[in-house]
Amino acid sequence: MKPLPFTPYEPAIWSTARVPRDYLISDGKNKFSVPFDLIGEDVDIRLTEKTVEVFFHGSRVASHPRSAAQLREPVVRFEHMPLAHQKYLSYSAEEFQAWAGGMRT
């Protein structure tokens with residue numbers, strides 16, 4: 001007989017979804033980001049008790065820890081966002097105030 005595997009078997013649920021414009025897929029309870037360049041593409045989703053994995057053409061493109069509780073905000077990775085969204089999040093309150101102070105009516 002062969003020895004048992006080092007990691008125990010983990011049951012998973014597989015599904016397919018089309019990535020919406022907000023690049024967030026759902027496990028039925030929470031939302032998770034995928035790379036924005038997959039908007040409009042069909043992806044495979046693998047759900048386990050503790051993980052959400054997203055595959056595109058057989059390659060894993062996203063992996064997130066899965067929460068048993070319903071979260072208020074989606075789980076988003078910075079690198080999944082378009083550059084414009086990344087830039088917006090990098091601004092500070094002082095930068096917005098300086099920009100607003102430069103406006104003339």
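Predicted model: local features only at pLDDT ≥ 70, side-chain atom pairs only at ≥ 80, totals over all residues.
View 1. Setting aside neighbours within four places in sequence, Phe-78 is in contact with Gln-86 and Leu-89. Ser-33 is 45 residues away from Phe-78 in sequence. In space, the C-alpha atoms of Phe-78 and Ser-33 are 9.2 Å apart.

**View 2. Arg-77 in the loop between E6 and H1.** Arg-77 has 32% relative accessibility and counts as partly exposed. Its contacts, not counting residues up to four places away in sequence, are Ser-33, Ser-63, His-64 and Pro-65. Arg-77 and Ala-62 are separated by 15 residues in sequence. Their C-alpha atoms lie 9.1 Å apart.

**View 3. Strand E1, residues 13-18.** Is E1 buried or in the open? Of its 6 residues, the number buried is 0, so the strand lies largely in the open. E1 pairs with strand E4 (residues 42-47). The two strands run antiparallel, and 6 bridges join them. Ile-13 of E1 stands opposite Leu-47 in E4. Arg-18 of E1 stands opposite Asp-42 in E4.

**View 4. The hairpin of E4 and E5.** How many residues lie between E4 and E5 in this hairpin? There are 3. Strand E5 covers residues 51-56. The pairing of E4 with E5 is antiparallel and has 4 bridges. Within it, Asp-44 stands opposite Phe-55 in E5. E4 is also joined to E1, by 6 bridges.

**View 5. The whole chain, for orientation.** The protein chain has 2 helices and 6 strands. From the N terminus, the order is β-β-β-β-β-β-α-α. How far does the chain spread? The radius of gyration is 19 Å, well over the 13 Å that the globule rule gives for 105 residues, so the chain is more spread out than a compact globule. The C-alpha trace spans about 80 × 25 × 25 Å along its principal axes. Residues 24 or more positions apart make up 47% of the contacts with a separation of 6 or more.

View 6. What share of the 105 residues counts as buried? The figure is 26%. The chain exposes about 8200 Å². Carbon and sulfur atoms supply 57% of that area. The charged side chains comprise 13 positive and 13 negative. The centres of the positive and negative sets lie 2 Å apart.

Note on methods
Residues numbered from 1 in each chain as written. Heavy atoms only, no water. Buried < 20%, exposed > 50% of the residue type's maximum accessible area, 1.4 Å probe, protein only. Pairing = 2+ DSSP bridges. Rg over C-alpha atoms; globule rule 2.2 N^0.38 Å. Contact = heavy atoms within 4.5 Å. Areas by Shrake-Rupley, 256 points an atom, 1.4 Å probe, with all protein chains shown as cover. Lys, Arg positive; Asp, Glu negative; His and termini not counted. Charge placed at Lys NZ, Arg CZ, Asp CG, Glu CD.
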